[in-house]
Amino acid sequence: MEFYFPTEFGEQLAFGAASFAALIGALVMFAPGITLKFFALEPHDLRPEGYGAVRSAGGLMVGFSATALMLAQPTLYLAFGAAMALAGFGQILSILSDRGNTIRNILLLVVEIVLAALPLSYVFGLV
């Protein structure tokens, strides 16, 4: 089985977004302590179940991104882009409802918007 790299520019953008999300997910899965520190969620007494929950969230991101990368179908890029767009919507809700108007949340919102826009622009034929 050969490694597939898209030749079309729009698909390369979607492929790059899914690759970046897979790298983020791998970091979350394999370094939950660093992830928790980044999100300012480092509790004093973290039980193993807490690390397990963070690792499973990272695994979900890796699995979904890797599936989009391996199968490279427009419908999977659509699902990936929609999921990232909803993650961005959740970030907007946090900014508006939870007094989450911080630089960190705004940066994460920008990342989620970009990761949603790249595959969706390919799927809808904008690039």
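I took buried to mean under 20% relative accessible area, exposed over 50% and partly exposed in between, with a 1.4 Å probe and protein chains only. The model is predicted, so I kept to its limits: local features need pLDDT of at least 70, side-chain atom pairs count only at pLDDT 80 or more, and totals for chains, interfaces and linings use all residues. Residues are numbered from 1 along each chain as its sequence is written, and side-chain values use heavy atoms, with hydrogens and water left out.

Entry: α1. Helices are DSSP runs (H or I, at least four residues), numbered from the N terminus. I listed the buried residues of α1 as G10, E11, A14, F15, A17, A18, A21, A22, G25 and V28. Viewed down the axis of α1, they fall within an arc of 160° (directions from the helix axis to the C-beta atoms), so they line one face of the helix. The face turned away from that buried side carries the exposed residues F9, L23 and F30. I found the buried residues packing against α2 (32-38), α3 (48-71), α4 (74-97) and α5 (103-123).

Entry: P32. This residue lies in helix α2 and counts as buried because its relative accessibility is 4%. Leaving out residues up to four places away in sequence, I found P32 in contact (heavy atoms within 4.5 Å) with L27, Y51, V54 and R55.

Entry: α4. I noted L76, Y77, F80, G81, M84, G88, Q91, S94 and I95 as its buried residues. They pack against α1, α3 and α5. Just after α4, R99 takes a positive phi of about 55°.

Note on methods. Helix = DSSP H or I, 4+ residues; strand = E, 2+ residues; numbered from the N terminus.
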